[in-house]
Amino acid sequence: MKTLRHNTAVRNIAIIAHVDHGKTTLVDAMFRQSGVFRANQEVDERIMDSMDLERERGITIAAKNCAVTWKGVKINILDTPGHADFSGEVERALSMVTGAVLLVDASEGPLPQTRFVLKKTLEAGLPILVVINKIDRKDARPAEVLNEIYDLFIDLGATEDHLDFPLLYAVGRDGIAQTAPDEAGKDLSPLFEALIREIPGPAHDPEEPFQMLVSDLEYSDYLGRLAVGLVRHGSVRPRESLVRAGEGGQLFPVKLARLQVYQGLQLVDAEEALAGEIVVLAGMEDVTIGDTICTRESPRILPRLRVDAPTVSMRFSLNTSPLAGQEGPLVQSRKIRERLEKEAQRNVAIQVEDGEGKDTFIVKGRGELQMAILIEQMRREGFELSVGRPKVILREEGGEILEPVETLLVDCDEAFMGIVTEKLACRKGRLTTLANNGSGRVRLEFAIPARGLIGFHDEFLTDTKGTGIMNSSLSGYEPFRGDFATRFSGSLVADRAGRAVAYALFNLEPRGEMFVRPGEPVYEGLIVGEHNRDNDIDVNPTKEKKLTNLRAAGKDENIILTPVRPMTLERALQFVADDELVEVTPKSIRLRKAELSALKRRQAAGKRIREKS
């Protein structure tokens, strides 16, 4: 039996938590106290959230690497997303670490995403350091939260070693960690000491040749594609001649152009990297996530990185509206295909397939938030495209249709419990847990089909008057629960091209809520509003008031329109029906019918009626 050694000079950890439980803020404090920044250096908050969308939304979207040094030990830190839609990033990050820090809010306790990230960490067999964060909150309840954490570990089948986890309490915003909630902490020294003491150094076989599994990809304008991964065995130097093992095990010769490692937030050149170090290799243009980099003399191929299957699919296609090409430079299907394939290479949870038409692509992922982030990134890059309604991916096992089911946690005022339960029951949701601690708010837990949550968030905020909180995570697959209605309103569809007129919109307001403003361009098939009944109607938003030579008092009063809510991408994706599309451009988000012609839509509707009869 081979004897493994541990690289005691390195620790590789992932910080895992639910959304907004303080991961990135804690990493900020670790940077400051480990000497990454000068004493007088000005530093932004949440510096690990480098993407514009991350700063705007206040969430981590992509896992990122960084490193700090504490008492001569290098600590590689991977800041992971806390949302299940970006779970591919979590799984990818866990393949490079030897331990994890589980961060839990001292007031909210474990939430659905906490369950998800903890489940993945336990499956990987990693040691876990638990940190109860934000103990300075007025509503903090660290003792109860600790019991909930134990319950969660037990529920996920944790071993006795995992249940004996080391525990710390922290105020990440102030850079304080302590061993007891009533202590007076000074800094993060207890956290650093616990990481070095409790998380082992990466294990390796000193007799094995160099092996590295590619877990992430980056890109440099000067070096091209960069492969990021953990050196499993051996060592590597720049300008070495190695081989890359692709999907089918085929070997391709490569020569390293540069070897880099993480130091703080920066990448620095290195002359050698030993086993256990997280490195960045340049010089491989065709490398993909899951490839193995090894020596030519004795290639040892590692198991490829595998993640959970996607649960949601969306149709991406060309923008075929009459306004196509007016607001974005990237409109060709070839450009859209290249961008989607690039995303699939960088994100292991994304899959891209050809659709029915030559200009249509089916993109599969983990949830509608992940899809919305991808679409938002594309529109900011200058793309114009059309996307359809998100659809869940069904499975068939043993002749039975299975569908993804999510665990939904709802926190709302007691007065809204009835309407929330009623709405979710209509979407085939089943109430599994109800907790009322007498504070006026209740916590409800539901098991609900993933398709039941598509389009529900805005309705939920309306029903709870903006005070409700909902979080969900995939719990597994169950037999199909049957069809249900997800939308009880129709669409107001423009029947001609032109520009919207205030007079016409004013007279359409009794029909429902408007989506367009006076002066905006419209075309046949554009959805200009939501009908307050369940059917679609064709309307003329360009109709002007007839003018005559006769004048009378009160005839020319000023028209005051109801303000139009801005159309966001998430709202658009939640609203559209199966026969509708979202037109996305760098400047606009519009709703439209998949078939623009009103005549052809009527003919198709008539044909469906004749077929039913």
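## Aromatic pairs

F460 is buried, with a relative accessible area of 0%, where buried stands for under 20% relative accessible area, exposed for over 50% and partly exposed for values in between (1.4 Å probe, protein chains only). F456 is likewise buried, at a relative accessible area of 1%. The ring centres of F456 and F460 are 5.9 Å apart and their planes meet at 40 degrees, so the pair counts as tilted; rings of Phe, Tyr and Trp (its six-membered ring) are paired if their centres lie within 6.5 Å, with planes under 30 degrees apart called stacked, over 60 edge-to-face and the rest tilted. This is a predicted model, in which local features need pLDDT of at least 70 and side-chain atom pairs count only at pLDDT 80 or more, while totals for chains, interfaces and linings use all residues. Residues are numbered from 1 along each chain as its sequence is written, and side-chain values use heavy atoms, with hydrogens and water left out.

A search of the whole structure finds five aromatic pairs. One of them joins F153 and F165, whose ring centres are 4.9 Å apart with planes at 35 degrees, so this pair is tilted. F153 lies in helix α5 (residues 142-155) and F165 in the loop between α6 (160-163) and β7 (167-171), so the contact ties together parts that are twelve residues apart in sequence; helices (H or I, at least four residues) and strands (E, at least two) are DSSP runs numbered from the N terminus. Both F153 and F165 are buried, and together with Y150 they form one aromatic cluster.

## Salt bridges

Over the whole structure, the search finds 41 salt bridges, each defined as a side-chain nitrogen of Lys or Arg within 4 Å of a carboxyl oxygen of Asp or Glu. D291 meets R244 in a salt bridge of 2.9 Å, N to O. This pair links distant parts of the chain, with D291 in the loop between β16 (278-282) and β17 (292-295) and R244 in strand β12 (residues 241-245), 47 residues apart. D291 counts as buried at 0% relative accessibility, and R244 counts as buried at 8%.

D291 also forms a salt bridge with R304, the closest N and O atoms being 3.0 Å apart. Here the partners are 13 residues apart, R304 being placed in the loop between β17 and β18 (312-317), and R304 is buried, as is D291.

A further salt bridge joins E459 and R427, with the closest N and O atoms 3.2 Å apart. Because E459 lies in helix α12 (residues 457-463) and R427 in the loop between α10 (417-426) and β25 (430-436), the pair ties together parts that are 32 residues apart in sequence. E459 is partly exposed at 24% relative accessibility, whereas R427 is buried, with a relative accessible area of 3%. Elsewhere, salt bridges that share partners join D105, K134, R137 and D139 into one network.

## Charge over a ring

The charged end of R395 sits over the ring of Y477, 3.8 Å from its centre, under a criterion that requires NZ of Lys or CZ of Arg within 6 Å of the ring centre and within 35 degrees of the ring normal.

## Nonpolar surface patch

On the surface, L394, I401 and F480 form a nonpolar patch, with about 230 Å² of accessible area together. I401 belongs to strand β24 (residues 400-413) and is partly exposed, with a relative accessible area of 36%. Patches are made of residues with over 30% relative accessible area and no salt bridge, like charges being joined within 9 Å and nonpolar side chains (Val, Leu, Ile, Met, Phe, Trp, Tyr) within 5 Å. Accessible areas come from the Shrake-Rupley method with a 1.4 Å probe, and for residues only the protein chains shown count as cover.
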